[in-house]
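Please walk through the helix packing, the sheets and a single loop residue in the model below.

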Amino acid sequence: MRATAQHPRRWHRVGIALAMAVVAVGLSGCNSGGSSASGVIAAVGAENQYANVIAQIGGRYVHVAAIMSNPSVDPHTFEVSTSVAQVVSQARLVVQNGLGYDQFMTQLESASPSSSRRVIDVQHLLTLSDATPNPHLWYKPTTMPIVAAAIERDLAAMAPTHANYFAARLARFRSSFAPLTAQIRAFRARFAGDVVATTEPVADYLLTALGLVDATPWRLQADVMNGIDPAPEDVATLQTMIRDHHVAALCYNAQVTSSVTLALRSLAQSAGVPIVAVYETMPEPGYDYQSWMSAEIHALTLALTTHHSTTELR
Amino acid sequence: MGWLFEPGWWANGTVRTALLVGFVVAVTSAVVGIFTVMRGQSFAGHALTDVATAGGAGAFLAGVAPLVGFVGGGVLGAGAMDAIGVQRVKGRDIATGVVLGAAMGLAALFLFLSARSSSASGTTQLVLFGSIFTVSPSTLPEVSWLSGAVLVTLAAVARPLLLSSLSVELAAARGVRLRSVGLIFMVVLAVAVGMSAIVIGAILSTALLIGPPASALRVARRVGRAVALAAGLGVLATWVGVLFAYDSYYWFPSHRSLPVSFFVVAAIVVEYLVASVLRRRTRPAPVAASEPEGWT
């Protein structure tokens, strides 16, 4: 079996491609079910960064759908459609963030109970309490390797014949993570203690890992995230920090905007404080999870060294 | 006064914009509101808030300023209500109700679509309940121009408007073009509602439109005084709302502040209660509590 998994014959590839096409048709069309006889596992990532990691581990034995992937939409206000419900009901592996960020996933799963479906809830995987204030767990550099390992475990349990294949892909994932870890370490050595501001807590875990200090009042970040107006006192605090160049960069959430964040953005631009666009979901196309995080760190490096703004990742 | 005005109040740009925009909006709403109460068109005013809701939600979808949507939606709704037949007293509530329902349906659609297609956060909260602390300073000139247009128009049609409010037959006999006057007033009303929506949201804008005039008409005996008193009460409620919302930041250890709209509406209710008490003192036996008497 090992030889087959690592050196698949050509006919095998063709067969898989056909099977994937069949599954794709099944997913978009009728209720043909995600667990087709071909062994291709239907999987869902509630956010496209999780879908990306599923694909990196599952490779050709997994057909992955991402629920939230539009970089110009606020995921916090996502509305479920019936097609989403159908994709989730047919999935055998689901990866979701938890912490209320993708609450609709839990509802969809309980709406179509299935004993064969495995759900990886990242909050539970990391044993975080419901009171954890910042739900953007994928920005924590330690999160995805743990998620990847859990995905590998579940896929191997579902398709034991391909266990070695999944294990090899996990090993490759881990080794591709090494440059990112090195990049974080190098950044930390150079910029630890630098002060930045944010409009929302989206990248806060990464900023902490990078040794940066986020001077933004937490209330303001949480209010913007939750879609309520921040207090004028907190807005004034942040405005003063930007105007007085107390912060070296403004991490601007391009996906959750309001007149307050837009005003902060133009204030930063006029004050000459560089802007770094951060995203809730992975910008597509052109990025995988690792290169996305690497691009964010690169954008921060540019901001702190040359005061260069990165208004979007493309 | 330190206990009343918490730190940073006088230097805060957001607060200054809120106070200035709030002033202009409150005055305009109060003046239009006096005529609305006297003409018995409060329900039409409320229906226009729902149309303004749809307009505000549509503005987010189209990517234009909320004020444009609030006012534009309101004016379209006023036109629709006029076309359906809001002029005739008989069937007026039905026409108003039909437009109201359709508008809220559209608002639901627009809010759904904008949640699905845009990065805008807190749209529903802003459209329904207002967001004066997020209003940009550039809104002030826009609001002032609108206010000027509303007040000039009202001044121009004030006489025939008052006459037709008093007695439709008398106004017709005096040669007042009832339909034109009614339509002009509906448009003015729509603009005023749209402006109030900026301060306390589309759904609550009736409170600013009807509340201060209703209080003023309980105590003032002349139209001129009622207008002045209503404007003063409206501005007071708006400023008290802004002040308390600002101060509420310091009320809790968590520094979680409370919304402006709540305080504005609370102040309006208190004003109305005070006005009712005053009226009972001055006039022991009110003839008909619901009928304004100020314009005789």
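**Helix packing and sheets**

The crossing of H3(A) and H7(A) is right-handed; a crossing counts as right-handed if the near helix is turned clockwise from the far one by less than a right angle, and as left-handed if anticlockwise. The helix H3 side of this contact in chain A consists of A:Tyr50, A:Val53, A:Ile54, A:Ile57 and A:Gly58, and the H7 side of A:Met144, A:Val147, A:Ala148, A:Ile151, A:Glu152 and A:Leu155. Contact here means that C-beta atoms, placed from the backbone, lie within 7 Å. Helix H3 covers residues 48-58 and helix H7 residues 143-158 of chain A; their axes come within 9 Å and cross at roughly 50 degrees. That angle makes H3(A) oblique to H7(A). Angles under 35 degrees count as roughly parallel, over 145 as roughly antiparallel, 65 to 115 as roughly perpendicular, and the rest as oblique. Axes are lines fitted to C-alpha atoms, for helices over the stretch in contact, and angles between N-to-C directions run from 0 to 180 degrees. Helices (H or I, at least four residues) and strands (E, at least two) are DSSP runs numbered from the N terminus.

The model is predicted: local features need pLDDT of at least 70, side-chain atom pairs count only at pLDDT 80 or more, and totals for chains, interfaces and linings use all residues. Residues are numbered from 1 along each chain as its sequence is written, while chains are lettered from A and ligands numbered from 1 in the order in which they are written. Chain A averages a pLDDT (the predictor's confidence in each residue, from 0 to 100) of 83, and 85% of its residues score at least 70. Over residues 1-37 of chain A the pLDDT is below 50, and this stretch has 37 contacts in the model beyond near neighbours in sequence.

Chain A has an open sheet of four strands in the order S2-S1-S3-S4, with parallel pairing; two strands pair if DSSP finds at least two bridges between them. Strand S2 (62-68) and strand S4 (118-121) of chain A are the edge strands, each pairing on one side only. Neighbouring strands of this sheet are turned by 15 degrees against each other on average, direction ignored. Strand S3 (residues 93-96) of chain A is joined to S4(A) by four bridges in the parallel sense, and A:Val94 stands opposite A:Val119 in S4(A). Helix H4 (residues 82-90) of chain A packs on the sheet and touches strand S1 (41-47), S2 and S3 of chain A, its direction making about 130 degrees with that of S1(A).

Another open sheet of four strands in chain A has the order S6-S5-S7-S8, with parallel pairing. Strand S6 (213-214) and strand S8 (275-278) of chain A stand at the edges with a single partner strand each, so one side of each has no neighbour in the sheet. Two bridges join S5(A) to S6(A) in parallel, with A:Val196 opposite A:Asp214 in S6(A). Helix H12 (residues 259-271) of chain A lies across strand S7 (250-253) and S8 of chain A, at about 145 degrees to S7(A).

Where does A:Thr199 lie? A:Thr199 is in the loop between strand S5 (195-198) and helix H9 (204-209) of chain A. A:Thr199 is buried because 29 other C-beta atoms lie within 10 Å; the cut-offs are 20 or more for buried, 12 or fewer for exposed, and partly exposed in between, with C-beta atoms placed from the backbone. Residues up to four places away in sequence aside, A:Thr199 touches A:Val224, A:Tyr252, A:Asn253, A:Thr261 and A:Leu264.

Notes
Contact = placed C-beta atoms within 7 Å.
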